[in-house]
Amino acid sequence: MQDRLNALDAIYQAFEQETAGFRNQAACAEGCAYCCTDAGRIDATTLEGLRIRARISQLPRPRQVSLKKALKRDMHKRESGAPSPCPFLLKTKACLIYPVRPFACRRIYSLHRCSQEQPPVLNRQVMRIAEDTIAHLQRLDANGYSGHLSFILHMLAAPRFLAVYTSGDFKPEEIMAFGKSHRIVVNRMAARPAVSPPA
């Protein structure tokens, strides 16, 4: 599993390097949390969720308890179609899990400060690179799934699912009902094949 987590970091770093020239004009700064409150779904792969789960387990117990409640609220709001700020967003507008945030958070930036009237503006080439990166993440997590972060963490909290996933096994039939109702993606069925460079 550690090899896969190392590969996850390598994918993040490759995206950062490939898009650095476009993102150096970003208006994003500490305390700017529009994408954490109003930008829609915060998707993650199960591999990313596993790392976030490990980070949560290192937090003080009271923080873990309050976070568990926040994730449950987020899940219920998302199930009803209501907007919901990220459960990991602190009152200071800082991210509680910033070092292990999923790619959905890493990919977003904007060339201006965002608001309801001014949604994020980003370069099309960065969007294309981000889509390729998502496919790469899904191939890396081939026995896993992708979906909204609180749904993925909910799945990983089920001991049977966690055991199947961490063993490297693949049993999508066991999450079929939850997956369909919560728009969970089966990574190996969604990921585009890697494109070989021209000879």
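This is a predicted model: local features need pLDDT of at least 70, side-chain atom pairs count only at pLDDT 80 or more; totals for chains, interfaces and linings use all residues.

Reader: Which residue caps the N-terminal end of α6?

Author: The cap is N123, which places a side-chain oxygen 2.6 Å from the backbone nitrogen of Q125.

Reader: Which residues of α6 are buried?

Author: They are V126, I129, A130, T133, A135, L137 and Q138. T133 has a relative accessibility of 8% and therefore counts as buried, the limit being under 20%. Apart from neighbours within four places in sequence, T133 is in contact with I11, F15 and F103.

Reader: I turn to the cysteines. How many disulfides does a search of the whole structure find?

Author: A disulfide is a covalent bond between the sulfur atoms of two cysteines. The search of the whole structure finds zero. C36, for instance, is in no disulfide, and its nearest cysteine sulfur, that of C35, is 4.1 Å away. C36 is partly exposed, at a relative accessible area of 23%.

Reader: How should I read the aromatic pairs, and how many are found?

Author: A pair of aromatic rings is described by the distance of the centres and the angle of the planes. The search of the whole structure finds five aromatic pairs. In one of them, F15 and F103 lie 4.8 Å centre to centre with 85° between the planes, an edge-to-face arrangement. Because F15 belongs to helix α1 (residues 2-23) and F103 to helix α5 (residues 103-106), this pair ties together parts that are 88 residues apart in sequence. Both F15 and F103 are buried.

Reader: What is the arrangement of the rings of Y145 and F161?

Author: Their centres are 5.8 Å apart and their planes meet at 45°, so the pair is tilted. Y145 sits in strand β2 (residues 145-148) and F161 in helix α8 (residues 159-166), so that the pair links distant parts of the chain, 16 residues apart. Y145 is buried, with 2% relative accessible area, and F161 is buried as well, at 11%. Y145 and F161 also belong to one aromatic cluster with Y165 and F170.

Reader: Which residues lie over the faces of Y98 and F170?

Author: R101 lies over the face of Y98, at 3.8 Å from the ring centre. R188 takes the corresponding place over F170, at 3.7 Å from the ring centre.

Reader: Finally, is H148 buried or exposed?

Author: H148, in strand β2, is buried, with a relative accessible area of 2%. Its side chain reaches the backbone nitrogen of I42 at 3.2 Å. Setting aside neighbours within four places in sequence, H148 is in contact with R41, I42, D43, D74 and R78.

Methods. Residues are numbered from 1 along each chain as its sequence is written. Side-chain values use heavy atoms; hydrogens and water are left out. Buried means under 20% relative accessible area, exposed over 50%, partly exposed in between (1.4 Å probe, protein chains only). Helices (H or I, at least four residues) and strands (E, at least two) are DSSP runs, numbered from the N terminus. A polar contact is a pair of N or O atoms within 3.5 Å; within protein, one must be able to donate a hydrogen and the other to accept it, and residues adjacent in sequence count only if both atoms are side-chain atoms. A disulfide is a pair of cysteine sulfur atoms within 2.5 Å. Rings of Phe, Tyr and Trp (its six-membered ring) pair if their centres lie within 6.5 Å; planes under 30 degrees apart count as stacked, over 60 as edge-to-face and the rest as tilted. A charge sits over a ring if NZ of Lys or CZ of Arg is within 6 Å of the ring centre and within 35 degrees of the ring normal. Contact means heavy atoms within 4.5 Å.
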